[in-house]
Amino acid sequence: MKVRGIFCGTTAATNEEYRTVLKRRNIWMVILMLAGALIAGSALYAEQAGKTALPEYSIGVYCGFGAGIALAGLILLIRNMILMGNEGKLKQDRLENSDERIREISNRACRSSLAILVLALVVGGMIGGIFEPILVKMMILLVDVFGLSYIGSYNYYKRKM
Amino acid sequence: MQTKIMEYRKERKVTQEELADAVNVTRQTIISLENGKYKASLVLAHKIAQFFEVAIEEMFIFDREDENL
C-alpha cells in the first residue's frame, strides 16, 4: 500500500515543472541532513567531552533523532535524484503528487490524524498529570500552540481566498 | 452528481489510462469518478469536458436534491 507524504503535494503540470519542485525539495533535504548531523554530532561531542549534564538516555535520544532525520534526508535526496533521471518514474510520481483526489485523501487523513493527536494529547496529559504535573503544563502549552497556529493560519488563508 | 465519463470514453474508444494522462491525474482517479466515489473539482471537470469536446453540464449531471440546488 502506497501512502503519500503530508508535504508532497504539488501543482506541477509538466515534468519540467516537477523537476524544479524536486530541485527545491532537495535543498530542504540537504538542510535536513545537516540539521540531523548537527544534532547527533553535538550530542556525541558533548558526551565524549564530558561537558553535558544530560542523562545517558537523553544523549541516546538526540543521537538517534539526529541520525534518523539525516538518514531520511539522504534517502529522499537519492530518491529524488533517481526520479529526476527517469522521465517515466518522474511522470508517475508527479501525477501521484498532483492528483487532486490523492491530495483530498491526504487532507482528510491529516484532519483525522490531527483530531486523534489532540485527543491523545488531552487524555494523555490529564491522566499523566496525576503522576507528573509537568505533563499537564506541557499539554496546555501544546493545545495553546495548536489553537494559536490554527487562528493564525485561518486568518492568513481567509485573506488569501 | 453523476457522470457520463464512461459512456463517452467507450464511445470514443479511449482507455482510462489515456484519459488520465490527458487530464493529468492517476488512472485510479478516473475509476473513482466513473464509479461516483469521487466528485471532480471544477478544474478537472472542465479538463475532462474539454477532452471530449462537450459542455461540463453534458458530462456531469447534478442531482438537484443531492446538491441542494
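Student: What is the mean pLDDT of chain A, and what share of its residues reach 70 or more?

Tutor: This is a predicted model. Chain A has a mean pLDDT of 89, and 95% of its residues reach 70 or more.

Student: Where in chain A is confidence lowest, and where is it highest?

Tutor: The lowest is H3(A), at a mean of 89. The highest is H5(A), at 93.

Student: And what is the mean for chain B?

Tutor: Chain B has a mean pLDDT of 90. In that chain, 93% of the residues reach 70 or more.

Student: What ipTM and pTM does the complex get?

Tutor: The predictor gives an ipTM of 0.86 and a pTM of 0.79.

Student: Why should I look at pLDDT before reading coordinates?

Tutor: Where pLDDT is low, the predicted coordinates should not be read in detail.

Student: OK, cores next. Which residues touch the most other members of the largest nonpolar core?

Tutor: They are B:Leu33, B:Ile48, B:Phe52, B:Met59 and B:Phe60. The core has 20 residues.

Student: Which elements give two or more residues to this core?

Tutor: Four helices of chain B do: H1 (5–11), H2 (16–23), H3 (27–35) and H4 (42–51). The largest share comes from H4(B), with 4 residues.

Student: Take B:Phe52. What is it in contact with, leaving aside neighbours within four places in sequence?

Tutor: B:Phe52 is in contact with B:Ile5, B:Tyr8, B:Arg9, B:Arg12, B:Val14, B:Leu19 and B:Met59.

Student: Now the surface. Which residues form the nonpolar patch?

Tutor: A:Leu114, A:Leu117, A:Phe146, A:Leu148, A:Tyr150, A:Ile151 and A:Tyr154 form the patch. Together they have about 750 Å² of accessible area.

Student: Which elements give two or more residues to the patch?

Tutor: Those are helix H4 (100–131) and helix H5 (133–160) of chain A. H5(A) gives the most, with 5 residues. A:Tyr150 lies in that helix, H5 of chain A.

Student: Switching to charges. How many salt bridges are there over all chains?

Tutor: A search of the whole structure finds 7. One of them pairs A:Asp93 with A:Arg79, at 2.8 Å from N to O.

Student: What does that pair tie together?

Tutor: A:Asp93 is in helix H3 of chain A and A:Arg79 is in helix H2 (residues 56–84) of chain A, so the bridge links parts that are 14 residues apart in sequence.

Student: Is A:Asp93 buried or exposed?

Tutor: A:Asp93 is buried, at a relative accessible area of 5%. A:Arg79 is partly exposed, at 33%.

Student: Which residue of chain B forms a salt bridge with A:Lys91?

Tutor: B:Asp21 does, with the closest N and O atoms 2.9 Å apart. A:Lys91 lies in helix H3 of chain A and B:Asp21 in helix H2 of chain B, so this pair joins two chains.

Student: How accessible are A:Lys91 and B:Asp21?

Tutor: Both ends count as partly exposed: A:Lys91 has 27% relative accessibility, and B:Asp21 has 36%.

Student: What about A:Glu104 and A:Arg108: how are they placed in helix H4 of chain A?

Tutor: They are 4 residues apart in that helix, so about one helical turn separates them. Their side chains meet in a salt bridge, 3.0 Å from N to O. A:Glu104 is partly exposed at 28%, while A:Arg108 is exposed at 52%.

Student: Which residues do salt bridges with shared partners join into one network?

Tutor: A:Glu16, A:Arg19 and A:Glu87. A:Glu16 lies in helix H1 (residues 15–49) of chain A. A:Glu16 is exposed, at 51% relative accessibility.

Student: How far apart are A:Glu16 and A:Gly125 in space?

Tutor: They are 48 Å apart, C-alpha to C-alpha. In sequence, 109 residues separate them.

Student: Last one. Why does A:Ser98 count as buried?

Tutor: Its relative accessibility is 14%, and buried means under 20%, so A:Ser98 counts as buried. A:Ser98 is in helix H3 (residues 87–98) of chain A.

Student: And what is A:Ser98 in contact with, leaving aside neighbours within four places in sequence?

Tutor: A:Ser98 is in contact with A:Thr10, A:Ala12, A:Arg103 and B:Asn24.

Conventions
Residues numbered from 1 in each chain as written. Chains lettered and ligands numbered in written order. Predicted model: local features only at pLDDT ≥ 70, side-chain atom pairs only at ≥ 80, totals over all residues. Heavy atoms only, no water. Core = buried A, V, L, I, M, F, W, Y, C linked by side-chain atoms within 4.5 Å. Buried < 20%, exposed > 50% of the residue type's maximum accessible area, 1.4 Å probe, protein only. Contact = heavy atoms within 4.5 Å. Patch = residues over 30% accessible without salt bridge, like charges linked within 9 Å, V, L, I, M, F, W, Y side chains within 5 Å. Areas by Shrake-Rupley, 256 points an atom, 1.4 Å probe, with all protein chains shown as cover. Salt bridge = Lys/Arg side-chain N within 4 Å of Asp/Glu carboxyl O. pLDDT = per-residue confidence, 0-100.
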